[in-house]
Amino acid sequence: MNTDLVIFDLDGTLLDTIGDLAVACNAALALRGLPQHSYEEYCGFVGNGIMRLVERALPEPLRSPENVALMRADFVRYYTEHIDSHTRPYPGIPELLRELTRRGIGMAVASNKFQAGTEKLVGLFFPDIPFSPVFGQREGVPLKPDPAVVWEILSITGTPRNRTLFVGDSGIDILTARAAGIRSAGVSWGFRARAELAEAGADRIVERPCELLDAL
């Protein structure tokens with residue numbers, strides 16, 4: 001075994017959150033009488049943080065900084081109140097996390113979701129899993145694919161890069177791992193296509209959570 005720490009993305013990797021993200025964003029659009037979007041469209045909108053999500057959801061002529069900020073505030077308000085209405089762990093994820101815990105492998109979360117939302121979801125769905133640290137989008141810290149969050153996690157945990165695995169469902173996650181100089185595993189069950197993971201240079205692509213054990 002070559003892995004002491006697994007860093008997980010959250011949305012599309014551990015949790016299927018797209019239903020709640022879509023409903024919240026459509027609710028914010030409805031407040032303005034604007035066209036709403038489908039589940040499939042939101043799969044392409046997510047991954048770069050809430051600001052980019054609401055910016056992509058807005059009609060292009062309305063994507064001013066002021067409108068995006070107002071839309072984000074309405075989105076966060078609605079989403080925080082309904083954050084677990086449709087969200088669920090992907091099949092096999094709870095079992096994987098329990099097995100990693102049993103093996104004594106450290107686990108952390110690095111998400112582009114806002115920090116309060118990231119912490120709330122991890123606490124709701126994985127209360128017994130010793131994730132440390134749990135990081136979402138925070139002021140002053142660049143979003144993935146910038147590797148800053150990975151370097152911060154490695155510093156906190158004292159884990160060498162060559163003993164760390166990053167797991168995510170998007171090209172952004174794979175590029176984050178490459179920029180940080182750590183191994184990556186792309187998961188095919190998330191919001192993005194397998195081809196995106198391959199194009200980004202994933203070291204391994206897995207079809208089921210249990211297959212991640214072979215990447216350790």
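What is the volume of the second largest cavity? The second largest cavity has a volume of about 60 Å³, where a cavity is a set of points, on a 1 Å grid over the protein atoms alone, at which a 1.4 Å probe fits but cannot get out, and a volume is the space filled by probe spheres set on the points, with grid points joined across faces, edges and corners.

The structure is a predicted model, in which local features need pLDDT of at least 70 and side-chain atom pairs count only at pLDDT 80 or more, while totals for chains, interfaces and linings use all residues. Residues are numbered from 1 along each chain as its sequence is written, and side-chain values use heavy atoms, with hydrogens and water left out.

**Cavities**

There are two cavities of 30 Å³ or more in the structure. The table sets out their volumes and the make-up of their linings, for which a residue needs an atom within 4 Å of a point; Ala, Val, Leu, Ile, Met, Phe, Trp, Tyr, Cys and Pro count as nonpolar, Asp, Glu, Lys and Arg as charged, and the others, Gly among them, as polar.

| Cavity | Volume | Lining residues by class |
|---|---|---|
| Largest | about 220 Å³ | six nonpolar, five polar, seven charged |

Of the 18 residues that line the largest cavity, Asp11, Val46, Gly47, Gly49 and Asn112 lie nearest its centre. Strand E4 gives the most to this lining, with three residues, and E4 also provides the largest share of the lining of the second largest cavity, again three residues; helices (H or I, at least four residues) and strands (E, at least two) are DSSP runs, numbered from the N terminus.

**Aromatic rings**

The structure holds six aromatic pairs, a pair being two rings of Phe, Tyr or Trp (its six-membered ring) whose centres lie within 6.5 Å, with planes under 30 degrees apart counted as stacked, over 60 as edge-to-face and the rest as tilted. The rings of Phe75 and Tyr79 are stacked, because their centres are 5.3 Å apart and their planes stand at 15°. These two residues are four apart in helix H4 (residues 65–81), and so about one helical turn separates Phe75 from Tyr79. Phe75 is buried at a relative accessible area of 0%, where buried means under 20%, exposed over 50% and partly exposed in between (1.4 Å probe, protein chains only), and Tyr79 is likewise buried at 0%.

**Cis peptide bonds**

The peptide bond from Ser132 to Pro133 is cis, with omega near 0°, and Pro133 lies in strand E5 (residues 131–137).

Definitions and conventions:
1 Å grid on protein atoms, 1.4 Å probe; cavity = no way out; pocket = protein on both sides within 12 Å on 5 of 7 lines; lining within 4 Å.
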